[in-house]
Amino acid sequence: MSALPGLRAGALTAGRRSRARSSQKPVGGVTASLLLWGYAAVALVPLLLMVASSFRSNADLISDPLGAPWPLSVASYKEAWTVGNFATYFANSLLVTCGAVALSTVVATMAAYALARGRSRIFRWLEALFLSGLMLPIHLAILPIFYLFDGMGLIDSRLGLVLMYGASGVPFSIFVLTTFFRQLPVELEEAAQLDGASTWQTFVRIMVPLVRPAVATVAVFRFVPIWNDFLFPLVLLRREEKYTLPVGLTTFFGENATNYSAVFAGLVITTVPLILLFLLATKQIVAGLTAGMTK
Amino acid sequence: MATVKFDEATRIYPGNDIPSVDKLNIDIADGEFLVLVGPSGCGKSTSLRMLAGLEEVNDGKIWIGDRDVTNLSPKDRDVAMVFQNYALYPHMTVADNMGFALKIAGVDKSEITKRVKEAAKILDLEPYLERKPKALSGGQRQRVAMGRAIVRQPQVFLMDEPLSNLDAKLRVQTRTQIASLQRRLGVTTVYVTHDQIEAMTMGDRVAVLKDGILQQCDTPRRMYDHPNNVFVAGFIGSPAMNLLDVAVVDGGVKLGTGTYPVARDHLKDAHGRSVTMGVRPEDLDLTTEGNGIPVVVDVVEELGADAYIYGTAKDAHQHQDYDESGGDLPERPFIARVDGRRPPQKGETVYLAPKEGHVHMFDTENGLRLGD
């Protein structure tokens, strides 16, 4: 009897030791670990530099480009937000991006449900047609789009951008969401039918809540490229009060002098929403990306 | 509450020539518990889904009460279904799951709460009403699925193998609970299972299907004592009935070295020179050498009060026809129930004689019951 507790304690410490050892050992060996840390540094240093530089004055930046941001100065933010019109650009970016993401997600969710459950052959052709959109590099179509928008009076219109981005997001969104809808058991819909729900009620109350992780994934993945896009707003917008953030940034680049600290402040303003979005949606996205792996 | 009537109901899946359900005729009385049973692929689930409206009816009609529901959509049929995998809405709480149908129907919120509470009380689900399905055990989920059906107060309950996802012990418990609940509520119920014990213990009547064709629809007792054909005889009862192909001789049939007396009248409709004789394991007596069927004992299953011997019958031809899988099957053992206190030994040869009046005779060619 007396030997037993000692034995158990021994086993326990051994277990603890092995656990400690395994947590200290880098995953995949030292070389891989060094490489990954190196990559992380390469990726993070420019970001840190951007943030640091945004808190310094322009004169400081020019005399000592890599200096420390001390004392902190928020003057460049004030300048970017007010003089540089970033408040307007920010609102425009938010409007265009959210509008486009909402449009493509709503359209794609409904279409994906129909495509996933439709038994007719037409649906299969339609799906193939949508998916072929994935292969089309939309930036190559900028001229036709320009002429189309010109004809429709959508040049210099934020609505035009919303429609264009919305449409361009549909193939990817349908691709992801159709797969998700297909994984849901048909019995759920049958149960809802027997419970008296119409097709629309089944879709809204049963199916959409169940594909929420996929919807979040799709929304975030569409949000980022639209938010960052420079080419389309540059080509399709004319007046400065309609500019989005990436185009708005260029207003700081003068012919003779550039207000670097304001540019950096603008970049931070542009980047922060994306970081926030990822922080908020990571859980949903991970659920979306890994769903169906264990089944 | 209502009667249900399948009237020549037929379902042919697109791309198939053979109907999955072929001219099904069943009349189900108000408040009756009818069990559809059969091997997999026999059309029992399809029949249930036709009644639910989830499967098209290609020919014939289905009635609920005096309404022809053949072409009605599921939501207009006033039936509630319990699915094999329960199909609970994963994002809703137990209470919301149970109240969903009423909510859709626009029932008053306080009325929904009241009815959900009542059902939860009956099913012992009160502590779990605010939980999501994934936080429940298998048995609890099954009860929520039942609750969802009860809350509706529908005309007909449909249950599609609701117990097959439970472990053996819980299955037996829940079996009794469902049967007694159904009697208490008095709602007409159609229940699908592949387990003939479930069918026999739960149903007021049992309908046996095979290859989409109704074989027999009777009370469990009648089904057991009076199987209409070889298939039902072999399917109902556990362990299964022994079926032997025996030659017709003067005054009866040839059994082992002797003759088992059967009235000539009894066999007058037989097509061939031999008939199929069925004897249940409990209807066999041990006898002396020279009488009855010699059987070499392979396995003895001791259950306490009884023992079952599984052996090979000598000088007798096992009837193989009824096995559904069609391929080359190992010869089915000859099974007999014997006294549990003095079971024969493995390898021993015993002589078994059927009890008088407890054999079933079938036509070997078409499998139909001969005589009364």
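User: Before we start, what counts as buried here?

Analyst: This is a predicted model, so burial is worked out from its coordinates by counting C-beta atoms placed from the backbone. A residue is buried if the number of other C-beta atoms within 10 Å of its own is 20 or more.

User: Okay, then how many of the six residues of strand S9 of chain B are buried?

Analyst: S9(B) covers residues 205–210. B:Arg205, B:Ala207 and B:Leu209 point one way and are buried. B:Val206, B:Val208 and B:Lys210 point the other way, and they're buried too. So the strand is largely enclosed by the rest of the structure, and the count is six of the six.

User: Which residue stands opposite B:Ala207?

Analyst: Look at strand S3 of chain B, residues 33–37. S3(B) pairs with S9(B) in the parallel sense, over four bridges. Opposite B:Ala207 you'll find B:Leu36.

User: And in S10(B), what is the bridge partner of B:Lys210?

Analyst: S10(B) spans residues 213–218 and pairs with S9(B) in the antiparallel sense over five bridges. The two strands form a hairpin with two residues between them, and B:Asp211 in that turn has a positive phi of about 50 degrees. The partner of B:Lys210 is B:Ile213.

User: Over to chain A: how far apart do the end C-alpha atoms of residues 202–224 lie?

Analyst: The unreviewed UniProt entry lists several stretches of chain A as "transmembrane region", including 94–116 and 202–224. Residues 94–116 are 100% helix, with end C-alpha atoms 32 Å apart. Residues 202–224 are 96% helix and 0% strand, and their end C-alpha atoms lie apart by 31 Å.

Methods. Residues are numbered from 1 along each chain as its sequence is written. Chains are lettered from A and ligands numbered from 1 in the order in which they are written. This is a predicted model: local features need pLDDT of at least 70, side-chain atom pairs count only at pLDDT 80 or more; totals for chains, interfaces and linings use all residues. UniProt positions are given in the numbering used here, feature names are shortened, and annotations may be inferred rather than shown by experiment. A residue is buried if 20 or more other C-beta atoms lie within 10 Å of its own, exposed if 12 or fewer, and partly exposed in between; C-beta atoms are placed from the backbone. Two strands pair if DSSP finds at least two bridges between them.
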